[in-house]
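Please read them alongside the sequence and the coordinates.

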Amino acid sequence: MNRSRNRSGSQPFGKHMPLGTKGIGSIAVVLLVGLYAFARPHLNDRFGWQLPGLNQHAEQDAFAVPTRPTQSPEQTPNRSASGASDATDQDARNSNADLRYGLLREVRPNEFVSPEGLRYVPGSAEGHRLEHLRRHTEDMPSRPGKHGVFDGGMEGALVTIDDAYGRAKKKQRSTKQTDRDRTIYTVDMERRVGYVGGREGKRQNHPIARRVKLVLEDTIVITAYPL
Amino acid sequence: MNQDHDQNSAQPPLNPGPIRSVAICPICDGGLCGVRICTGDDPTEPLPDRGFVMCDECEAVWMGPDVQSEHHYVDAQHTECPVCHGGLWAASRWADRDDVQRLGWSDAIDAGLDGESDV
């Protein structure tokens, strides 16, 4: 009934009611809030900012590492402040506790698999592919040439690499090069994922990195770094 | 800029990589094509004194200092030295200035890519 009454035009803001200064102000505020909510993820992605959300405290993850990569909205789980989600959050935390770096499942001793199916196995000069990857979570200022550094430490690097692989599998803004048993992807992440360090990066004042180079043997990660 | 996490609180220093390199890797664009020298996997045998070039990122291998020549890759899980076929990391090491001179590859070295320990 109410619905039909509303359709008939008997709303409080009927067209015969002139908009006062307060009315215009309210509309302007609503428009600005909407504009901010729309632009925030794009600005964060584009410039690597971390503008607060309108519901910031509800979005924050109690188990998040101190530094995380800038996440796209689809990567950031929507968390409500209601008690109903608390049990789900607790379950997620319990299952995360069994995961290496909060992401990788150990399928055999020292062999880890990511949600997208990438495998991290023993090998490389460092003894394990994960240890090789750790080189790309810190700058090596004296290393000749460029040295890509992921944002967010190991956790951030692993999430970004998995995201890059997901995009590559969907052929989303990526190139694929196959050479013998190696597959080399270059994936445009369309957001900041790290920066360029090393001697050359330092000379260029550490430019922002938005792409990921991913070198695989089948699904084994040989190396991955931002560029 | 990046903080580390508690799982890495007592991590060893990062592997510095090659000492003497011939190029930035033409395959992955990010690695250093460093000279490695085979030290052999049998201590009772004389040193082979043979070298190879390897990218420290994608692990492409060249048997000479020309990285435009034929290459292959180290197997991801069964890494072996391409000279003596012993374990790659035990049976070879990054070559220093003297090693490179002994190999006769000094002219191929890009001095701008020299690692810290040999500058």
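1. The secondary structure of chain A comprises 7 helices and 10 strands; helices (H or I, at least four residues) and strands (E, at least two) are DSSP runs, numbered from the N terminus. The model is predicted: local features need pLDDT of at least 70, side-chain atom pairs count only at pLDDT 80 or more, and totals for chains, interfaces and linings use all residues. Residues are numbered from 1 along each chain as its sequence is written, while chains are lettered from A and ligands numbered from 1 in the order in which they are written.

2. Of the 227 residues of chain A, 33% count as buried. A residue is termed buried if 20 or more other C-beta atoms lie within 10 Å of its own, exposed if 12 or fewer, and partly exposed in between, with C-beta atoms placed from the backbone. Among the contacts of chain A with a separation of 6 or more, 50% are accounted for by residues 24 or more positions apart; two residues are in contact if their C-beta atoms, placed from the backbone, lie within 7 Å.

3. The largest nonpolar core has 63 residues, and those with the most contacts inside it are I161(A) and L214(A). The largest share of this core, 8 residues, is supplied by helix α6 (residues 153-169) of chain A. A nonpolar core is here a set of buried Ala, Val, Leu, Ile, Met, Phe, Trp, Tyr and Cys residues joined through C-beta atoms within 7 Å. In soluble globular proteins, nonpolar side chains tend to be buried together.

4. Which residues does L214(A) touch, not counting residues up to four places away in sequence? They are I161(A), A164(A), Y165(A), A168(A), Y185(A), V187(A) and A224(A).

5. L118(A) counts as buried because it has 22 C-beta neighbours inside 10 Å. Leaving aside neighbours within four places in sequence, L118(A) is in contact with I161(A), D162(A), Y165(A), T219(A) and V221(A). L118(A) and L216(A), 98 residues apart in sequence, are 8.7 Å apart in space, C-alpha to C-alpha.

6. Chain A contains an open sheet of 3 strands in the order β4-β7-β8, with antiparallel pairing; two strands pair if DSSP finds at least two bridges between them. The edge strands are β4 and β8 of chain A, each of which pairs on one side only. Strand β4 (residues 147-150) of chain A is joined to strand β7 (residues 194-197) of chain A by 4 bridges, and V149(A) stands opposite Y195(A) in β7(A). Between β7(A) and strand β8 (residues 208-209) of chain A there are 2 bridges. In β8(A), A209(A) is the bridge partner of G194(A), and I208(A) stands opposite Y195(A).

7. Turning to chain B, the secondary structure amounts to 2 helices and 6 strands, which follow the pattern β-β-β-β-β-α-β-α along the sequence. Of the 119 residues of chain B, 38% count as buried. For contacts in chain B between residues at least 6 apart in sequence, 57% join residues at least 24 apart.

8. Is strand β2 of chain B largely enclosed or open, and why? 7 of the 7 residues of this strand (residues 32-38) are buried, so β2(B) is largely enclosed by the rest of the structure. Both faces are covered: L32(B), G34(B), R36(B) and C38(B) are buried on one side, and C33(B), V35(B) and I37(B) on the other.

9. The pairings of β2(B) may be listed in turn. With β1(B), the strand pairs in the antiparallel sense over 3 bridges, and I24(B) stands opposite L32(B). With strand β3 (residues 51-55) of chain B, β2(B) runs antiparallel and is joined by 5 bridges; V53(B) is the bridge partner of V35(B). With strand β6 (residues 92-94) of chain B, β2(B) also runs antiparallel, over 3 bridges, and R36(B) stands opposite W94(B).

10. At the interface, 31 residues of chain B are in contact with 38 residues of chain A. β1 (21-24) and β5 (72-73) of chain B each supply at least two residues of the side of chain B that touches chain A. The residues of that side divide into 10 nonpolar, 15 polar and 6 charged. In this classification Ala, Val, Leu, Ile, Met, Phe, Trp, Tyr, Cys and Pro count as nonpolar, Asp, Glu, Lys and Arg as charged, and the others, Gly among them, as polar.
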